[in-house]
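Hello,

Here is the structure for your files. My notes on what turned up follow below it.

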Amino acid sequence: MTYQVTQGIKVSVKTRFEGKIVNQGRNCNAFTYLIKIENNSEDVVQLKKRYWAIKDSLNETEYVYGDGVIGKKPVIKPGESHVYSSGCLLLGDFGEMGGYYEMVNFNTTEFFQVAIPNFKLVTPQGAN
């Protein structure tokens with residue numbers, strides 16, 4: 001598991017290769033990732049936006065920016081966490097993802113960025 005802490009917010013990532021699928025006529029490698037966001041600060045925070053850079057060994061880097069995560073904008077109180085799962089498709093046998101969440105601190109009303117650690121996406125074939 002990979003993790004990173006920014007201003008008391010710990011983001012942990014665990015990945016899994018799910019297999020090969022055909023998407024829009026192309027053979028793709030399917031990956032899922034489990035994210036846990038822990039609030040180890042003393043303030044209530046809310047995740048407002050996400051930014052991802054998805055690097056594929058056989059494709060151009062894809063950038064994803066949008067509101068919340070999987071349709072939610074979770075409020076995370078001190079000592080609590082939010083867990084969600086999502087996924088991506090790659091053409092190559094390996095790739096990498098990373099980025100940040102934009103959050104707001106309810107006590108100060110200030111927006112801040114929380115780093116999502118870079119993590120590898122590797123098929124069993126790509127590991128050899």
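Threonine 109 is exposed, at 61% relative accessible area. Exposed means over 50%, buried under 20%, and partly exposed in between, with a 1.4 Å probe and protein chains only. Threonine 109 sits in the loop between strand 8 and strand 9 (111-122). Strands here are DSSP runs of E with at least two residues, numbered from the N terminus. The phi of threonine 109 is positive, about 60°, although the residue is not a glycine.

Before the rest, the ground rules. This is a predicted model, in which local features need pLDDT of at least 70 and side-chain atom pairs count only at pLDDT 80 or more, while totals for chains, interfaces and linings use all residues. Residues are numbered from 1 along each chain as its sequence is written, and side-chain values use heavy atoms, with hydrogens and water left out.

Other loop residues

Glutamine 24 also has a positive phi, near 50°, and is not a glycine. The loop between strand 2 and strand 3 holds glutamine 24. Its relative accessible area is 75%, so glutamine 24 is exposed.

Glycine 79 belongs to the loop between strand 6 and strand 7. Glycine 79 is exposed because its relative accessibility is 70%.

Two strands count as paired if DSSP finds at least two bridges between them.

Within this sheet, strand 2 (residues 9-23) and strand 3 run antiparallel and share 14 bridges. Isoleucine 9 has asparagine 39 of strand 3 as its bridge partner.

Strand 4 (residues 45-56) has several antiparallel pairings to check:

- With strand 8 (residues 94-105), strand 4 forms 11 bridges. Alanine 53 is partnered by glycine 98 of strand 8.
- With strand 5 (residues 59-67), strand 4 forms 7 bridges. Tryptophan 52 is partnered by valine 64 of strand 5. The hairpin between strand 4 and strand 5 passes through 2 residues.
- With strand 6 (residues 75-76), strand 4 forms 2 bridges. Valine 45 faces isoleucine 76 of strand 6.

A buried asparagine

Is asparagine 29 buried or exposed? Asparagine 29 is buried, because its relative accessibility is 1%. The residue is part of strand 3 (residues 26-39). Its side chain has two partners worth a look. One is the side chain of lysine 20, in a polar contact of 2.7 Å. The other is the backbone oxygen of glycine 92, which the asparagine 29 side chain reaches at 2.7 Å. A polar contact is a pair of N or O atoms within 3.5 Å; within protein, one must be able to donate a hydrogen and the other to accept it, and residues adjacent in sequence count only if both atoms are side-chain atoms.

Beyond neighbours within four places in sequence, asparagine 29 has contacts (heavy atoms within 4.5 Å) that include Phe17, Gly19, Cys88, Leu90 and Thr123.

Salt bridges

How many salt bridges does the rule give? The count is 5. The rule asks for a side-chain nitrogen of Lys or Arg within 4 Å of a carboxyl oxygen of Asp or Glu.

Arginine 16 and glutamate 18 form one, at 3.1 Å from N to O. Arginine 16 is exposed, at 54%. Glutamate 18 is partly exposed, at 38%.

Lysine 49 and aspartate 67 form another, at 2.7 Å from N to O. This pair links distant parts of the chain, with lysine 49 in strand 4 and aspartate 67 in strand 5, 18 residues apart. Lysine 49 is partly exposed, at 24%. So is aspartate 67, at 45%.

Glutamate 96 and lysine 55 form a salt bridge too, their closest N and O atoms lying 3.8 Å apart. Glutamate 96 is in strand 8 and lysine 55 in strand 4, so the pair ties together parts 41 residues apart in sequence. Glutamate 96 is buried, at 17% relative accessible area. Lysine 55 is partly exposed, at 42%. A salt-bridge network links Lys55, Glu96 and Lys120.

Best wishes

Methods. Helices (H or I, at least four residues) and strands (E, at least two) are DSSP runs, numbered from the N terminus.
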